[in-house]
Amino acid sequence: MPIDSASSLTTAVFSYAPEPIFAAVAEIMTTVSPFIGSSFDSEINQSLKEFRERFIRAVQHTCVAIKHTLAGLSLLCSLLEDADTKPNPLSTVSQLREIAEDLLAGNACAADAHEQYKALRSDAEGQLSLLSQKFGEETVINVSGKSNTTKSTFKFLRHTITMYIHESEKVLSATVDILTGVNNLLRTFLEDETFSLANLLTTAPLFALDMFSTWKELRTRFISFQAELRRPMLKFEMGYILDADESSRELEEDKEARKPQIPEVVIKWQGIPQDSGTADPQLSPSREKIISVGIRKTSGKCTVYLERLENLQHGTTGLRAIISIPVFPMGSGLKGVCIYATLKSETSDLPACTLNNRTTTVEQIVQDPNFEPTNCRPIFSTRQPSRSTLRWKFSHPLLRWLRWKLAPTLPTQLALSFDIEHSIDVNLHEASLTAAALSYSPHPVPGAIREVMEALSPLVSSDSFLDADINQSLKDIVERFRQAAHYMCIGVRHAVRSLTMICSVLADSDTKPDPSSTANQLRRAAEDCLAGWGGARDAFEHYQTLRKDVNSQFDLLAEKFGEESVISISGKSNITNRSLKTLRTTVNFHLQESEKASSATVDILQGVANLLRAFLEDESFSLSNPVTAAPLFALDMFRTWKTLREHFSCFHIELRRSMMRFNMGYIMESKEARDVMNEDKRTRLAQIPEIHVKLQGIPLSPSASKVSLLPPR
């Protein structure tokens, strides 16, 4: 059925099923690989080798197509999440153009893969016909491996390979169909001259609110597609790129190479502002305006935007401030500008934080793309009066002091970067909680459990070839990895309970519930959140030390056997051949991904706990008012809380699936699980100082005024 409307797209998305290709890749590689290098006729052997190489290239094209598509769909879902906030029009146009280009590249790549599978099926039948003619169709083939022999017939071999290639071909055909439909719908919308950016994006049928679930479902299916395809590609060393930078470079190079075959994206809407060509601080969706104030001798309000940089390590938060200083056409009367960054603790009992300056030279400032005017070279100095204060000072360039009027004045726009070192996380507020919730992605942890356990479990089996001491060391690592997963699972379960309680409070807020009940539920939510934070923190610390120890153990293996040694791991029905170098890269990558995801989980749960603490300590708020009167629980924040609950619920489900698959101690029985959770919560809260709930309108009771909310120091 053609995809020519929003409704037909929804139907296609929910029927799209790429699962057959996962088994097809594994089965074909398992079937064909033993023939390569065997004692068969050299001409047929070479033909099969070429077939395998072409099959790998087709799978690689499939993988790149998925990555392009995921990039576009992820950006699209992010854009739709913010569509009701009236984002900057130029930002919307820029992001939609990038989305369209990513989806077009994904479609082109999928079409190439589809053509390769079709050609492969025809060639495979031809090559296997030659084998049948030479040896006989019912001839039994014995292919000897290092520790076993695979038996098959040419008839079975031909049937298996052609069947699975045909399955792959059908999946790619469906993928091309759905991406072609998406691209046609998107192009029609972008070229619609009747649509105006004065309207919200969600007023268009393609992006209406009831279509959001369709776009999210399509993204979810491609996320699963990528995760499941990655497994056989890593297992059979089919060139899957794990490194994030290399993967980005791969996509950029592919997109550049496809430019001649991809149509230009044209947007014909009304109300598109003319791009001045200068950097607009508001274009980045991660930037937030924190202050806008008029100062003397300028032509308008000076504005400061703030964006959060990628954390280099846990306990460090990177920030970047973009400062805009409007001036009169004839220049500013300002002689200099002094900018301070100062940290102030909200409460006296919190440990002090330290600022570290990233912007220390004038070259860093003028080379930043946000710097204006580009020919300005200000006199610049910086110093740090205290641990919690940084100062940057700008004054007129030398030629200006010499009265050369053509020389540029002070910068009208610049960016400054610095890090905050802290023993607790920097406080989130409502807007940044929403941004954190939308960008939070814990999916690497369950996938890492599968990949690491599959890689390490065979190595520590009783028939492993490894040295006994190293074998025991790897057993210890596997056990510690199980423990890290256990802590993460406990933390996630606590978080789900906390967020479910908060959503329940908000859902009942218009029924005028009893203030004591509301206070009690928020207390329990706060305690569960802190217990979850503690579990995630323990998991993070385990992953950190694990990664270091795994590298040490692989150093010993490399020294003993050689880094390029091929390890043959005996399974129940096959032998997996994998080099020590590949095994090390795979395990290290997934441990690092787990470390990042657990660090993000620690950050977001700490942020939520701090927000709850601030609310519960607010002496000016009375529970005689609906709880939705507080900014943290306002009606427009309900979606944020539900999004967080959805993230952690999905996280829990995926964790459970992975842990049960490898018998990692997941507790299913509800009473036993509840007892474990309650005991863990009691243990953690006993280490945390109590504070008093200071909300007004709560009937006095001996236990209603205390809640444990501060992370332990």
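Helices are DSSP runs of H or I with at least four residues, numbered from the N terminus. The views below show a predicted model.

**View 1. Helix H12 and helix H16 at the second largest cavity.** Helix H12 (468-507) and H16 each supply at least two residues of the lining of this cavity. The largest share, four residues, comes from H12. The cavity has a volume of about 70 Å³. Among its lining residues are His486, Cys489, Ile490, Arg493, Met659 and Tyr666. By class, the lining comprises eight nonpolar, two polar and one charged residues.

**View 2. The loop that holds Asn663.** Asn663 lies between helix H15 (638-661) and helix H16 (670-685). Most residues other than glycine have a negative phi. Phi of Asn663, however, is near 50°, a positive value. The residue is exposed, with a relative accessible area of 66%.

**View 3. The loop that holds Glu237.** Here the loop connects helix H6 (212-235) and helix H7 (244-257). Glu237 is not a glycine, and its phi is positive, near 55°. With a relative accessible area of 40%, Glu237 is partly exposed.

**View 4. The largest cavity.** The model contains five cavities of 30 Å³ or more, and the largest has a volume of about 100 Å³. Helix H4 (89-135) and helix H5 (154-190) each supply at least two residues of its lining. H5 gives the most, with four residues. The lining includes Ala100, Leu104, Asn183, Leu186, Arg187 and Leu190, and also Pro263, Glu264, Val265 and Val266. Seven residues of this lining are nonpolar, one is polar and three are charged.

**View 5. An open sheet of three strands.** The strands are arranged in the order S6-S9-S8, with antiparallel pairing. Strand S6 (336-342) and strand S8 (379-386) are the edge strands, each pairing on one side only. From one strand to the next, the twist averages 15°. Seven bridges join S6 to strand S9 (residues 389-395), and these two strands run antiparallel. Cys338 stands opposite Lys393 in S9.

**View 6. Helix H2.** This helix spans residues 20-32 and has 13 residues. From its first C-alpha to its last it reaches 18 Å, close to the 18 Å expected at 1.5 Å a residue. Its buried residues are Ile21, Phe22, Ala24, Val25, Ile28, Met29, Thr31 and Val32.

Technical notes
Residues numbered from 1 in each chain as written. Predicted model: local features only at pLDDT ≥ 70, side-chain atom pairs only at ≥ 80, totals over all residues. Heavy atoms only, no water. Expected span 1.5 Å × (residues − 1). Buried < 20%, exposed > 50% of the residue type's maximum accessible area, 1.4 Å probe, protein only. Pairing = 2+ DSSP bridges. Axes fitted to C-alpha atoms, helices over the stretch in contact; angles between N-to-C directions. 1 Å grid on protein atoms, 1.4 Å probe; cavity = no way out; pocket = protein on both sides within 12 Å on 5 of 7 lines; lining within 4 Å. Points joined across faces, edges and corners; volume = space filled by probe spheres on them. Nonpolar A, V, L, I, M, F, W, Y, C, P; charged D, E, K, R; others polar.
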